[in-house]
Amino acid sequence: MLILQESWTDRTGSFVVYAPVDSVSMESVMRGGDSDYLALLPSGFAISDGPLPANLPTEMNNSHESASVLTLGFQILVSSLPTAKLTVESIDTVNSLLSCTIQKIRDSLGAN
């Protein structure tokens, strides 16, 4: 498994977009194979910074000068059958993925 990744920063925030790719399929495409069979499910996150709103309680405004907003986006392969239903296990897996990703981002920024 390979991870294709792009990251950049502009005045609106910082962005990271990535996609896991099967290494055998990627090698085939790099040798001139058909890229239609290369599954790409990009995911990523954005962090935007800005001042705190003036209407926050005084104790919150005094403790921080700015705030950050974290936005996550994941593409997850699910069944294409019209009768398919989400299971409790799949919901738990997605919840765990989101929670773990948020915690790792917070840890890397020292935001705990």
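This tour moves from the whole chain to selected parts of the model.

The structure is a predicted model, in which local features need pLDDT of at least 70 and side-chain atom pairs count only at pLDDT 80 or more, while totals for chains, interfaces and linings use all residues. Residues are numbered from 1 along each chain as its sequence is written, and side-chain values use heavy atoms, with hydrogens and water left out.

**The whole protein**

Begin with the complete chain in a cartoon view. The protein contains three helices and four strands; helices (H or I, at least four residues) and strands (E, at least two) are DSSP runs, numbered from the N terminus. Along the sequence, these elements follow the pattern β-β-α-β-α-β-α. Of the 112 residues, 12% count as buried; buried means under 20% relative accessible area, exposed over 50%, and partly exposed in between, with a 1.4 Å probe and protein chains only.

**The aromatic pair**

Next, select Trp 8 and Phe 15. A search of the whole structure finds one aromatic pair. The rings of Trp 8 and Phe 15 have centres 5.3 Å apart and planes at 20°, so the pair is stacked. Rings of Phe, Tyr and Trp (its six-membered ring) pair if their centres lie within 6.5 Å; planes under 30 degrees apart count as stacked, over 60 as edge-to-face and the rest as tilted. Trp 8 is partly exposed at 38% relative accessible area, and Phe 15 is also partly exposed, at 21%.

**Ser 43**

Now select Ser 43, which is found in strand E3 (residues 43-51). Ser 43 is buried, with a relative accessible area of 8%. Leaving aside neighbours within four places in sequence, Ser 43 is in contact (heavy atoms within 4.5 Å) with Val 16, Val 17, Tyr 18, Gly 73, Phe 74 and Gln 75.

**Helix H3**

Select residues 88-109, which make up helix H3. H3 has 22 residues and reaches 32 Å from its first C-alpha to its last, close to the 32 Å expected at 1.5 Å a residue; the expected span is 1.5 Å times one less than the number of residues. Just after H3, Gly 110 takes a positive phi of about 65°.

Finally, select Leu 98, which lies in helix H3. Is Leu 98 buried, partly exposed or exposed? Leu 98 is partly exposed, with a relative accessible area of 31%.
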